Amino acid sequence: MPALLDELSGFEFEDVMVDVFRKLGYESVRRSRRTGDEGRDVLMEEVVDGVRRGVVVECKHQDTVGRPVVQKLHSAAATYDYDGPTRGIVVTTGRFTDPARDYAARVSESGETPVDLIDGAALRDIAEEVGLDLYNGRIEILCDETLRPYDPASGVHAPMREAFTDVENVEADALPTPTARVTFQPLVRVVADVDATFETSVGVIHRVDVRDQFLVHAAPEGASVPGDDIQTLVLGNFSRTTTLEEDRFAAEFDDVDVVRFGATETDYKEWAVDRIRDAHTTTVHYTGDNNVDYEKECTPRESDVAVQSLTPVYLPQVRQTLAVESYRYSLEYYNAGPSRLTIDDGVHRCVQCGETDAGTYTFCENCGSVNCPAHTKTERLVGEPVCTGCAVTGRFMLSTKYFYDEANREAFRDQYEEMAVYEKLGENVPLVAGVVLGLLALLAGTLVAAGVV
């Protein structure tokens with residue numbers, strides 16, 4: 001069997017253990033400075049029985065670890081400047097000698113600064129728990145949590161019904177049931193602390209001390225940062241997750257697809273650290289001791305970025321399609337329980353001209369289309385809305401009238417023939433009004449010319 005994590009250097013082994021301890025639930029996990037660490041490779045915190053304790057870790061990527069290493073770690077933990085109790089851990093890919101184990105047991109029994117030992121065998125068990133590849137040091141993503149693809153209080157198809165509630169001339173509840181497809185998109189939430197100080201001969205010229213939190217879209221085609229609207233949706237609902245059970249969701253949706261994570265957790269951590277370093281890179285101008293102005297590009301080091309958590313989760317991307325007559329209406333959105341973010345709204349879009357900002361939309365019962373005001377008319381015979389796309393037209397009193405079909409047009413023609421003259425004139429009020437105004441203007445001109453007025 002190949003040696004554990006044989007491909008890694010000692011420093012790389014420390015990086016892996018930072019991720020492992022973070023996955024195990026320790027807090028504020030960070031590497032010490034890479035030189036002069038005094039036996040403290042990794043520093044972290046834990047809470048046991050309500051008491052916060054500092055933990056000092058020594059990492060040894062070697063076959064055998066003897067008593068001197070454990071003794072040095074015990075001293076480092078005992079003298080660690082921490083406001084509270086401390087303990088030490090030595091972790092190795094190999095084994096501990098009997099004197100090393102005896103020393104660790106003795107100081108632990110004393111009750112002051114106990115020391116725990118993690119050897120290669122224990123590391124195998126831990127690796128299985130956190131998804132660590134023991135031979136290349138990469139931590140696989142183990143995720144079965146998703147934001148809710150629908151609100152249980154209203155059901156899968158509620159968003160489509162809600163979209164139609166402000167469309168005029170239709171009862172949303174009377175519409176057919178739409179089809180619904182859900183695709184679970186992989187995301188990783190990154191929380192990292194940046195603590196960087198930049199000094200020159202004149203002292204500190206720049207400092208960064210912030211906590212960053214952002215999402216990474218972890219798709220197979222590569223990592224990217226989603227837009228602010230997705231960040232707000234997901235981070236605001238991050239505590240409202242459920243188990244991703246494909247069989248359960250297949251009973252609710254017509255199609256279920258899960259996009260797998262495109263890389264390991266280790267890959268996303270490295271990508272996030274590079275992004276954080278770039279985001280906090282800045283050029284600082286300062287005056288030197290000789291009164292000369294200088295500028296310095298300040299980029300945090302990798303060791304200045306402490307990733308506190310990498311939490312994978314799936315974001316449901318839902319697409320519903322409603323068929324009415326010959327028309328198909330789609331509604332696509334990201335869902336997080338009762339909250340959602342619309343990606344594409346095919347309901348509030350005129351089928352005639354594609355207008356998406358009309359304000360008012362009207363459903364045509366005659367053909368099943370949704371139309372903007374410019375393409376919505378009143379059916380002359382029955383007085384209901386009809387769209388210009390399906391209506392048949394007729395000219396009455398020089399005015400175009402719209403009808404569901406030829407039968408309605410002919411029925412109105414019969415009514416029109418029976419109308420009195422004044423009723424026929426009412427079919428074109430603008431024309432009649434224009435004629436009257438024209439006659440009044442002519443009359444006024446005649447009176448003026450005759451000197452009557």
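**View 1. E423, a partly exposed residue of helix 10.** E423 counts as partly exposed, at 35% relative accessibility. The model shown here and in the other views is predicted. E423 belongs to helix 10, which covers residues 421–425.

View 2. Helix 1 runs over residues 10–23 and has 14 residues. From its first C-alpha to its last it reaches 20 Å, close to the 20 Å expected at 1.5 Å a residue. The buried residues of helix 1 are F13, E14, V16, M17, V18, D19, V20, F21 and R22. Just after the helix comes G25, with a positive phi of about 105°.

View 3. D19, R22, K23, E265 and K269 are linked to one another in a network of salt bridges. Of these residues, D19 and R22 are among the buried residues of helix 1. Side chains of opposite charge can pair when their charged atoms come close.

**View 4. The salt bridge between E45 and R52.** E45 forms a salt bridge with R52, and the closest N and O atoms are 2.9 Å apart. Are the two partners buried or partly exposed? E45 is buried, with a relative accessible area of 16%. R52, by contrast, is partly exposed, with a relative accessible area of 35%.

**View 5. The salt bridge between E270 and R138.** The side chains of E270 and R138 meet in a salt bridge, at 3.2 Å from N to O. This pair links distant parts of the chain, its two members being 132 residues apart. E270 is found in helix 8 (residues 265–279), whereas R138 is found in the loop between helix 4 (120–130) and strand 8. E270 counts as partly exposed at 39% relative accessibility. R138 is also partly exposed, with a relative accessible area of 21%.

**View 6. The salt bridge between D304 and R301.** A salt bridge joins the side chains of D304 and R301, with an N to O distance of 3.5 Å. D304 counts as buried, at 5% relative accessibility. R301 is partly exposed, and its relative accessible area is 45%.

**View 7. Helix 6, with its buried and exposed faces.** Helix 6 spans residues 228–236, and its buried residues are I230, Q231, L233 and V234. Seen down the helix axis, these buried residues fall within an arc of 165°, so they line one face of helix 6. The face turned away from this buried side carries the exposed residues D228, T232 and G236. What, then, covers the buried residues of helix 6? The cover includes strand 8 (145–147), strand 10 (179–200) and strand 11 (203–219). It also includes strand 17 (305–324), strand 18 (327–336) and strand 19 (339–345).

View 8. N169 has a positive phi of about 70° although it is not a glycine. N169 is placed in the loop between strand 9 (167–168) and strand 10, and it is partly exposed, with a relative accessible area of 22%. E325, likewise not a glycine, has a positive phi of about 55°. E325 lies in the loop between strand 17 and strand 18, and it counts as exposed at 60% relative accessibility.

**View 9. S399 and its contacts.** S399 lies in strand 25, which covers residues 399–403. With a relative accessible area of 16%, S399 is buried. Which residues is S399 in contact with, leaving aside its neighbours within four places in sequence? The contacts of S399 are then G394, E427 and N428.

**View 10. A nonpolar patch on the surface.** V436, L437, L440, L443 and L447 form a nonpolar patch on the surface. Together these residues have about 440 Å² of accessible area. One of them, L440, has its place in helix 11, which runs over residues 429–449.

Terms used:
Residues numbered from 1 in each chain as written. Predicted model: local features only at pLDDT ≥ 70, side-chain atom pairs only at ≥ 80, totals over all residues. Heavy atoms only, no water. Patch = residues over 30% accessible without salt bridge, like charges linked within 9 Å, V, L, I, M, F, W, Y side chains within 5 Å. Areas by Shrake-Rupley, 256 points an atom, 1.4 Å probe, with all protein chains shown as cover. Salt bridge = Lys/Arg side-chain N within 4 Å of Asp/Glu carboxyl O. Helix = DSSP H or I, 4+ residues; strand = E, 2+ residues; numbered from the N terminus. Expected span 1.5 Å × (residues − 1). Buried < 20%, exposed > 50% of the residue type's maximum accessible area, 1.4 Å probe, protein only. Contact = heavy atoms within 4.5 Å. Arc of directions from axis to C-beta.
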